[in-house]
Amino acid sequence: MWLKRISILNYKNLEQVELDFSRKMNCIIGKNGMGKTNLMDAVYYLSFCKSATNPIDSQNIRHGQEFFVLQGFYETDSGEPEEVYCGLKLRQKKKFKRNKKEYTRFSDHIGLIPLVLVSPSDSLLIAGGSEERRRFMDVVISQFDRDYLDALIRYNKALLQRNTLLKSEVEPEDELVAVWEEMMAVAGETVYAKRKKFIEEFIPIFQSYYSYISQNQEQVSLSYQSCVAQGDLLGQLRESRPKDRIMGFSLKGIHKDDLVMRLGDFPIKREGSQGQNKTYLIALKLAQFEFLKRTGNRTVPLVLLDDIFDKLDALRVEQIVKLVAGDNFGQIFITDTNRDHLDKILKKIEGDYKLFEVDGGTVSERKEDEV
C-alpha cells in the first residue's frame, strides 16, 4: 500500500495542502513548529481514524475554522485504488469513508492501511507508565488481528462497567458484578493469549534490529508481564473484589499488563543513555514494521520517521540510513530540521524520491534542480 496523494483542509496549522508523493521516499524539511509533524499526523489519521498527538478531534481543527477534511488516495500492492475520507465539523459526528462508503464502526478501518510511526513521543514507551507499553502492543496487534481488537473493546467496556459498580455508594449486587467479571475474564484471556504469542515472535526481530543499528555494542531484552500468567483471571477478579471495592477500581486484569525493557541485566529506563534509549525505541518500531509486513494482509506498511536522528551518534544514524534506503521498506515519510541527514539518505536512494519544505503551515515540493 502506498499513498499517492493527500488533500488537507484546516487540519491543525495546515490551511490547505495538496501533495503528490513518491512511492519510495518522501523527505520533509522545516524548522520546528512549522507543521512537519502535523503533516505526518494527517497521514497517521487516515490509517487509525484519530490523531497520534491529540485524541480530542475538535482540537485538531485549525484555529478560527469550523471543520477539517482529510483525503488520501492510495494504491494497493496489487495496483487497486483506495480512497479514504475523513471530515469533522464542530459539534457534529466525525465521518470516515472508504471509497465513498461510510463506516459504521471506525474499528473496521483499522488494518486496511498498516502504518508505523516513529516520533519523539515514543520516549514515553521507556519513561512513561505501563499504559504506553500496552498501547504499543495494541497498535501493532490490532492492525492484523480483528479478533484481538474486538476482544480488547469488549474487555474495556466490561472493565468500565465493573469499575462504575465498585465506585457506587450503594453496595452493588453480586450477580451484576459477576456478569461483568465473566465478560472481562473471557475477553481478557483472549487478549493475553494474543499478546503473549505476539511478544514471543516479536522479540527476535526486535533484537536483530537493535544489534544491526548498534553494531552489536549492547544486548537488549523485552519481556511480557501479566497477572493472567499466574492463573485463572476470573478467579483472580472474584478474589480481588473486596479489595477492589475499597479502592474503587479493578486491581487485576490485562489493563495492568506491562512490557519489561532491559539493557543488559538492568532496566533501560534506569541505565540507558539517550542514544541507547533512542536506538531501543527505533529498533522496536522497525521490528513493528517487519512484523506487520509478515502478518495480516501481507501489505507493506507505510513508515513515518518524524525527527528521529536527534541524540544519535553518526554511526547509528548511518546504520538507520542504510536500512530505510534498502529494498526491504516500502513508502517512507521522513522529517528533519537538519538538511544534512536528508541529503545523506537521498544520496543512497537509487529510485524515486521527493523533497518537501514546510513553512508556517504551507507545504511546497522542492524540485530536483532546487535540491
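How many salt bridges does a search of the whole structure find? The search finds 32. A salt bridge here is a side-chain nitrogen of Lys or Arg within 4 Å of a carboxyl oxygen of Asp or Glu. Side chains of opposite charge can pair when their charged atoms come close.

The model is predicted: local features need pLDDT of at least 70, side-chain atom pairs count only at pLDDT 80 or more, and totals for chains, interfaces and linings use all residues. Residues are numbered from 1 along each chain as its sequence is written, and side-chain values use heavy atoms, with hydrogens and water left out.

Helices α4 (residues 146-167) and α5 (residues 174-214) pack against each other. Helices (H or I, at least four residues) and strands (E, at least two) are DSSP runs, numbered from the N terminus. The packing angle is about 145°, and the axes lie 8 Å apart. Axes are lines fitted to C-alpha atoms, for helices over the stretch in contact, and angles run from 0 to 180 degrees between N-to-C directions. The crossing of α4 and α5 is left-handed, meaning that the near helix is turned anticlockwise from the far one by less than a right angle.

Contact means heavy atoms within 4.5 Å. On the α4 side, the contact residues include Tyr148, Leu152, Tyr155, Leu159 and Arg162. On the α5 side, they include Leu176, Trp180, Glu181, Met184 and Val191. By class, the contact has 14 nonpolar, three polar and six charged residues. Ala, Val, Leu, Ile, Met, Phe, Trp, Tyr, Cys and Pro count as nonpolar, Asp, Glu, Lys and Arg as charged, and the others, Gly among them, as polar.

Glu181 in α5 pairs with Arg162 in α4, with the closest N and O atoms 2.9 Å apart. The partners are 19 residues apart in the chain. Glu181 is buried, at 0% relative accessibility. Arg162 is buried too, with a relative accessible area of 0%. Buried means under 20% relative accessible area, exposed over 50%, and partly exposed in between (1.4 Å probe, protein chains only).

Within α5, Lys197 and Glu201 are four residues apart, about one turn of the helix. Their side chains meet in a salt bridge (2.8 Å, N to O). Glu201 is partly exposed, with a relative accessible area of 34%. Elsewhere, salt bridges that share partners join Arg162, Asp174, Glu181, Arg241 and Asp244 into one network.

The side chains of Glu66 and Arg91 form a salt bridge (3.7 Å, N to O). Glu66 lies in the loop between α1 and β4 and Arg91 in the loop between β5 and β6, so the pair ties together parts 25 residues apart in sequence. Glu66 is partly exposed, at 46% relative accessible area. Arg91 is exposed, at 74%.

Most residues other than glycine have a negative phi. Arg91 has a positive phi of about 65° although it is not a glycine. Cys49 also has a positive phi of about 65°. Cys49 sits in the loop between α1 (36-48) and β4 (67-75). At 5% relative accessibility, Cys49 is buried.

Asp336 belongs to strand β13 (residues 332-336). Asp336 is buried yet has no salt bridge. The nearest side chain of opposite charge, Lys36, is 7.6 Å away. Lys and Arg count as positive and Asp and Glu as negative; His and the chain ends are not counted. Not counting residues up to four places away in sequence, Asp336 touches Ile28, Ile29, Gly30, Lys36, Phe309, His341 and Leu342.
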